Amino acid sequence: QVQLMESGGGLVQAGGSLRLSCAASGGFLSLNVMGWYRQAPGKQREFVASITSGGSTNYADSVSGRFTVSRENDKRALYLQMNSLKPEDTAVYYCNADVWPYSGSRYAVWGQGTQVTVSS
């Protein structure tokens, strides 16, 4: 079973930067689309950014131009560089991956989340 582990969250002042990482472990054939989602208190989980195995990216309008998603396929790693952070970016950030297993059907897996808090 694939597991995802996020790291890099923390407390930062508005205007600051953070870099989130997500490491995949376990046995699988490949990871297709990987992405970041976030959930603020009292709100639904929302899409932040995604990247395909080929490097094509997609961003939510609210983070476009400030956040950059990247991945290293050989290291089974996903990253999110967050610049010009705003208080409204405060949330738990989750890593997500579309997994192609050695056998069976593809499936989605989520990490446990990492807290990002931006103070004003």
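Start with the disulfides: under a cut-off that pairs cysteine sulfur atoms within 2.5 Å, the count comes to one. This is a predicted model, where local features need pLDDT of at least 70, side-chain atom pairs count only at pLDDT 80 or more, and totals for chains, interfaces and linings use all residues. Residues are numbered from 1 along each chain as its sequence is written, and side-chain values use heavy atoms, with hydrogens and water left out.

Now select Cys 22 and Cys 95. Their sulfurs sit 2.1 Å apart in the disulfide. Check the torsion about the S-S bond: at -80°, the link of Cys 22 and Cys 95 is left-handed. The pair ties together distant parts of the chain, with Cys 22 in strand 3 (residues 18-25) and Cys 95 in strand 9 (residues 91-100), 73 residues apart. Strands here are DSSP runs of E, at least two residues, and helices are runs of H or I, at least four, numbered from the N terminus.

Are these two cysteines buried or exposed? Cys 22 is buried at 1% relative accessible area, and Cys 95 is buried at 0%. Buried means under 20%, exposed over 50%, and partly exposed in between (1.4 Å probe, protein chains only).

Next, jump to Arg 66, in the loop between strand 6 (57-59) and strand 7 (67-72). Arg 66 counts as buried too, at 12% relative accessibility. What does Arg 66 touch? Leaving out residues up to four places away in sequence, show Gln 81, Met 82, Asn 83, Ser 84, Leu 85, Lys 86 and Asp 89; contact means heavy atoms within 4.5 Å. Finish by zooming in on Ser 84, whose backbone oxygen lies 2.9 Å from a polar atom of the Arg 66 side chain.

Notes: Polar contact = N/O pair within 3.5 Å; in protein donor to acceptor, adjacent residues only side chain to side chain.
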